[in-house]
Amino acid sequence: MNSLVQPNDIRDVIEADRAHVWHHLTQHKTFETVDPRIFVEGRGMRVWDATGKEYLDAVSGGVWTVNVGFGRESIANAVRDQLVKLNYFANSAGSIPGALFARKLIDKMPGMSRVYYSNSGSEANEKVFKMVRQIAHRHYGGQKYKILYRERDYHGTTIGTLAAAGQPERREQYGPMPSGFVEVPHCLEYRGQYGDIANYGERAAQAIEDVILREGPETIGALCLEPITAGGGVIVPPAGYWETVQDICRRYDILLHIDEVVCGVGRTGKWFGYQNFGIEPDFVTMAKGVASGYAAISCTVTNEKVFNLFKDDPSDPLSFFRDISTFGGCVAGPAAALENMRIIEDENLLENTTLMGERLRANLWELQTRHEVIGDVRGAGLFCGAELVSNRQTKEPVEEKQVQAVVAACLANGVIIGATNRSLPGLNNTLCFSPALIASASDIDEVTGAVDTALTKVFG
């Protein structure tokens, strides 16, 4: 085991945090009696907190972000060198890292051609929604303005992206939501909605067509989907799903938006999750793994067909995309992203992700043979989920507090895993695993070993 050189006495930092920091996704009442956890160092796949306790991080920084691991000096140096040379200029002008990363990114995305920079996944998705609405006004008489989103999918924290959230608990108490966002059914075969049929994927996709016909194809501008649903339960669409979705979009002239904020840049063993399924999207959005958290960056990538819709009439002062992201002009983002991508290439991390993902799922399937509480194991690459049920026949979900007890037991044993939460009432019952793409066989075994122990502790 690695060890922190010297745990520091940072009581003043802890108290400053307790008094002044408003943490994300956190009920702060707890901190009246318990110290907030503060991480002070990370190397590889391991992090250390203020007490010196070591953890193996199996969720890549807590939210599927640090794809190449902690402590990468080459990325830090690339960022530092760029900041000294030029730290920022509004992206109405270009930069060397911005141009070079855009070209390198497009090389990995056949059929796509343009990169729009911003600074978060929510913002990247919001840009697509704005583009779709502007296209509707300029080219369809304002009619094709509706955006379809899928039950269980999640696209961000802004009011606009929450309007496209297929997770009711995410939206609760933040309404009223903007209009023009319409939900389509999920595609999780384990909790199938169409009976025990052989072509479940096709049937699940046809449910999208049913919604299109109900709403009127002439009103639908775009369909927004995660290639693999993340926080809604790690859902890999069944065979036949994506082919049917692509066909539906083409038949009804609907733009296809793939949200790769979680799956992008290697997480599934391909550069992008959609590349596992032969999809040809019109928009692809990404954020978390683009620079592995070493700098803030997100990208909204489009094809030339979409791009050309915004330069059709130069004489019209409203014809172009009239949007700006202030911190889309931070040059550290593409500088970090370039080095991040080089590391993935040079260290063959896509291949490692595929191999270690197979090991992770095999280990989870083995646990399933010994723990009745594991109802289903699913995923792709180093992006996996294990759904916990109290009865395999009825598929009754275990209580959310029991799922969180498993997460807590792993944490107590020095392994950080995730779980669906604040998403779907009664269905926050899936353990989530997304270790860095550098994970070794011993890392994977340590993670699943901790889960084995935790399941035994919580469920017997």
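This report describes aromatic ring pairs and charges over rings in a predicted model.

Local features require a pLDDT of at least 70 and side-chain atom pairs a pLDDT of 80 or more, while totals for chains, interfaces and linings use all residues. Residues are numbered from 1 along each chain as its sequence is written, and side-chain values use heavy atoms, with hydrogens and water left out.

A search of the whole structure finds 9 aromatic pairs. Rings of Phe, Tyr and Trp (its six-membered ring) pair if their centres lie within 6.5 Å; planes under 30 degrees apart count as stacked, over 60 as edge-to-face and the rest as tilted. One of these pairs joins Phe-39 and Tyr-55 edge-to-face, at 5.7 Å centre to centre and 85 degrees between the planes. Phe-39 belongs to strand β1 (residues 39-43) and Tyr-55 to strand β3 (residues 54-57), 16 residues apart; strands are DSSP runs (E, at least two residues) and helices likewise (H or I, at least four), numbered from the N terminus. Phe-39 is partly exposed, with a relative accessible area of 42%, whereas Tyr-55 is buried, at 2%. Buried means under 20% relative accessible area, exposed over 50% and partly exposed in between (1.4 Å probe, protein chains only).

Phe-310 and Phe-321 have ring centres 5.7 Å apart and planes at 65 degrees, so this pair is edge-to-face.

A charge sits over a ring if NZ of Lys or CZ of Arg is within 6 Å of the ring centre and within 35 degrees of the ring normal.

| Charged residue | Ring | Distance to ring centre |
|---|---|---|
| Arg-170 | Tyr-154 | 4.6 Å |
| Arg-203 | Tyr-194 | 4.3 Å |
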